[in-house]
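Hi,

Here is the structure I promised to pass on to you. Have a look at it first, and then read on for my notes.

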Amino acid sequence: MNAIAIAAIGIFIFLLGYRFYSKFVAEKIFRLDPDYVTPAHRFKDGVDFVPTNKFVLWGHHFTSVAGAAPILGPAIAVYWGWLPAVLWVVLGTVFAAGVHDFGTLVLSVRNKGQSIGTLADKLVGQRAKILFLFIILILVLMVNAVFAWVIANLFITFPSSVLPVFIQIPLAIWIGHAVYKKNVKMLVPSLIALAVMYAVAILAAQVDFLQIDLVGYMGGEEGAGLFGLGAVSSAFFIWILVLMGYVYIASTLPVWKLLQPRDFINSHQLVVGLAILYLGLLFTNPEITAPITNPNADDVSWFPLLFITIACGAISGFHGLVSSGTSSKQLDKETDARFVGYLGAVGEGILALVAIIAVITLFPTKEDFLATYSNFQEASAGGLGAFVQGASQLATGLGIPAEIAATIVSIIVVSFAATTLDTSVRLMRYIIAELGSEYNVPALTKTHVATTIAVVSSAALVLIPEGPQGFGSGGYLLWPLFGTSNQLLAGISLLLISVWLKKLGRNYLITLIPMIFLLFMTLYAMVQQVLFEWAWWGDQPSSLLFIFGAIIMGFAIWIVITALSALADTKQTIDPIE
Amino acid sequence: MMLDKVKALIAYYEEVLSMPHRQEIAREHRDEDDLFLLLLYSEMIGIPNPVYYYTLELYPYMIEKFHDWHLRMGMEKSPMSGIRCC
């Protein structure tokens with residue numbers, strides 16, 4: 001099967017979804033009103049509430065939600081063959097993610113631009129708000145652990161990416177300084193920074209001593225590392241410590257110093273990455289060598305694990321935070337919500353789709369694919385590496401040498417992951433502080449106490465060794481837990497939208513069905529994993545995964561109960577003409 | 001024609017990039033204004049102005065800014081005998 005055809009069909013369905021389904025949802029269900037005074041106009045303050053052109057707002061929304069997650073999930077999920085992954089990404093985006101992102105945006109716009117957390121309190125009650133806080137807490141904890149693992153993993157697999165990634169830090173600080181202190185326009189400095197990074201990447205890909213290869217320094221994979229550990233484990237340990245030290249500093253700095261300028265560079269990288277992948281796809285015109293469905297995948301069933309392995313890219317609760325946090329305050333006209341929210345989700349779907357294509361066209365034959373994706377564990381550990389190589393193979397179609405392309409693609413993924421890590425450690429710090437003030441523990445509200453707790457707990461989670469291979473071997477095991485907590489967050493948002501639609505007396509099936517689907521899949525997966533795999537009587541006992549899985553399962557049950565009671569209690573109370 | 005389109009595209013791209021930046025600048029400005037107004041009017045709304053109490057403690061933090069300020073205001077030497085920055 002030809003890969004261009006898959007991409008074309010996928011994008012065509014996305015466009016159909018936008019043209020017809022989102023139009024139906026926007027006009028018939030939400031009944032958007034072009035004359036409604038949006039919060040951006042009503043509370044216009046020039047800071048948070050600013051009416052913004054829909055194209056600009058979409059660009060900002062898309063660059064805020066797209067990251068490393070829609071790449072990693074699909075790269076693992078192709079283990080079950082390409083068809084299930086493609087179907088879930090395409091249909092999930094059209095029927096779940098689009099409606100979710102669009103719905104949270106409209107819900108927030110119709111409620112003074114308030115965020116999901118506040119709306120949970122307002123629409124369902126205090127319990128829902130606390131539930132929401134805890135789910136976010138566990139989600140950011142998972143994000144910290146998983147993304148630290150992702151970065152360390154890429155640093156070890158592609159040592160040439162280390163230097164360019166670290167060069168990004170002083171460059172970002174320089175941009176921050178130029179833009180905020182000297183008032184220089186940011187386009188040029190950020191493009192210069194990107195050029196410097198990629199120049200260093202090209203050098204590092206070809207000059208050995210510019211590659212920070214910790215494993216190599218310790219005598220290769222068989223070499224001895226620190227404290228009697230193997231070389232790979234030691235390298236992983238060192239990278240995690242370095243990363244955690246870095247995020248500690250990065251997340252306590254003001255956002256304009258490092259985080260924002262790095263985002264400017266990352267926006268370019270998103271454009272560069274998508275351009276390389278899609279143009280490369282057009283020029284190389286590769287054949288898909290991966291199987292449609294994997295006949296050997298009998299260790300872990302695709303049902304229901306596929307639906308939590310691909311979270312971002314099909315549906316992600318994190319988008320609701322962006323929709324209701326910033327985008328809703330800047331929406332010029334209510335009818336723009338369809339363009340910004342729905343197409344924002346489609347943008348991420350397009351990224352996930354090409355991530356799948358990069359992996360399924362990488363291998364020369366089906367046998368090679370099956371050898372690399374030999375079991376779910378291998379798929380989880382090696383998926384990201386396969387994506388980087390697949391993407392660099394596509395890039396060769398543009399005349400970029402594979403070595404250099406691999407370095408650049410791994411830099412792009414690491415940059416996304418690092419920004420996510422930085423943001424989520426920051427978020428975790430705020431949540432710990434909020435819980436501290438809620439429960440009267442003033443020590444927790446101190447920046448450095450909260451950050452230390454956030455960083456140490458994340459490091460502990462990712463460093464806990466799984467099995468005999470030592471540090472770093474088990475990081476990918478957390479991925480399904482990350483997916484699950486992200487889906488639960490989406491579940492809460494969908495519940496809030498359903499409750500709101502019911503209060504308006506509208507048909508709320510369009511959000512209720514994805515919600516039931518998501519909650520069913522996450523509960524099913526957690527029961528299966530927690531009770532039959534990770535419990536001490538299960539197949540692969542692991543007390544750490546068991547505890548976290550059990551907590552998430554508890555939350556899932558809690559949401560189901562909250563949903564049932566909230567929807568049962570809700571009556572049409574809002575005057576639709578309001 | 002083509003050039004105009006490219007220019008429009010670059011302008012669009014720059015606007016997308018600078019959105020959070022504009023917001024952050026505006027926020028910093030607003031925070032400064034809020035603090036300024038609070039210091040001006042705090043006593044009118046019944047809040048004792050902390051500036052009087054803490055001036056001595058603020059001294060090390062503001063001495064450099066104060067120095068820059070009186071230079072900008074066209075005074076070569078510190079106009080206040082209590083603050084001797086130069």
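Predicted model: local features only at pLDDT ≥ 70, side-chain atom pairs only at ≥ 80, totals over all residues.

Leaving aside residues up to four places away in sequence, D121(A) touches Q126(A), A128(A) and K129(A). S233(A) lies 112 residues from D121(A) in sequence, and their C-alpha atoms are 45 Å apart in space.

Now to the wider picture, beginning with chain A.

Chain A has 22 helices and zero strands. Taken along the principal axes, the C-alpha atoms fill a box of roughly 70 × 65 × 60 Å. Of the 578 residues in chain A, 57% count as buried. Among contacts in chain A with a separation of 6 or more, 81% join residues 24 or more positions apart.

The largest nonpolar core has 218 residues. The residues with the most contacts inside this core are A148(A), I151(A), I240(A), I356(A), V413(A) and L496(A). Helix 7 of chain A gives the largest share of the core, with 21 residues.

Helix 14 covers residues 318-325 of chain A, and seven of its eight residues are buried. These are F318(A), H319(A), G320(A), L321(A), V322(A), S323(A) and S324(A). What do the buried residues of helix 14 of chain A pack against? The partners are helix 3 (54-65), helix 5 (82-109), helix 6 (116-123), helix 15 (336-360) and helix 20, again in chain A.

Helix 22 of chain A runs over residues 543-569, a run of 27 residues. From its first C-alpha to its last, helix 22 reaches 39 Å, close to the 39 Å expected at 1.5 Å a residue. Its buried residues are L545(A), F548(A), G549(A), I552(A), M553(A), F555(A), A556(A), I559(A), A563(A) and A566(A). An α-helix has 3.6 residues a turn, so residues three or four places apart point the same way. With that in mind, the buried residues of helix 22 pack against helix 7 (126-157), helix 20 (479-503) and helix 21 (509-534) of chain A.

There are also a few backbone details in chain A. Most residues other than glycine have a negative phi, and most peptide bonds are trans. Against that background, R31(A) is not a glycine but has a positive phi of about 45°. R31(A) lies in the loop between helix 1 (3-29) and helix 2 (39-42), and is partly exposed, with 13 other C-beta atoms within 10 Å. N285(A), not a glycine either, also has a positive phi of about 45°. N285(A) is found in the loop between helix 12 (259-284) and helix 13, and is exposed, with 12 other C-beta atoms within 10 Å. Finally, the peptide bond from F303(A) to P304(A) is cis, with omega near 10°, and P304(A) lies in helix 13 (residues 302-309).

Chain B has two helices and zero strands. A compact globule of 86 residues would have a radius of gyration near 12 Å, whereas chain B has 21 Å. Along its principal axes the C-alpha trace of chain B spans about 65 × 35 × 20 Å, and 3% of its 86 residues count as buried. How many residues does each chain bring to the contact? Chain B gives 14 and chain A gives 16. On the side of chain B that touches chain A, six residues are nonpolar, three polar and five charged.

As for confidence, chain B has a mean pLDDT of 83, with 94% of its residues at 70 or more. The model scores ipTM 0.74 and pTM 0.89.

Enjoy exploring it!

Best wishes

Conventions: Residues numbered from 1 in each chain as written. Chains lettered and ligands numbered in written order. Helix = DSSP H or I, 4+ residues; strand = E, 2+ residues; numbered from the N terminus. Expected span 1.5 Å × (residues − 1). Buried ≥ 20, exposed ≤ 12 C-beta atoms within 10 Å, placed from the backbone. Contact = placed C-beta atoms within 7 Å. Rg over C-alpha atoms; globule rule 2.2 N^0.38 Å. Nonpolar A, V, L, I, M, F, W, Y, C, P; charged D, E, K, R; others polar. pLDDT = per-residue confidence, 0-100. Core = buried A, V, L, I, M, F, W, Y, C linked by C-beta atoms within 7 Å.
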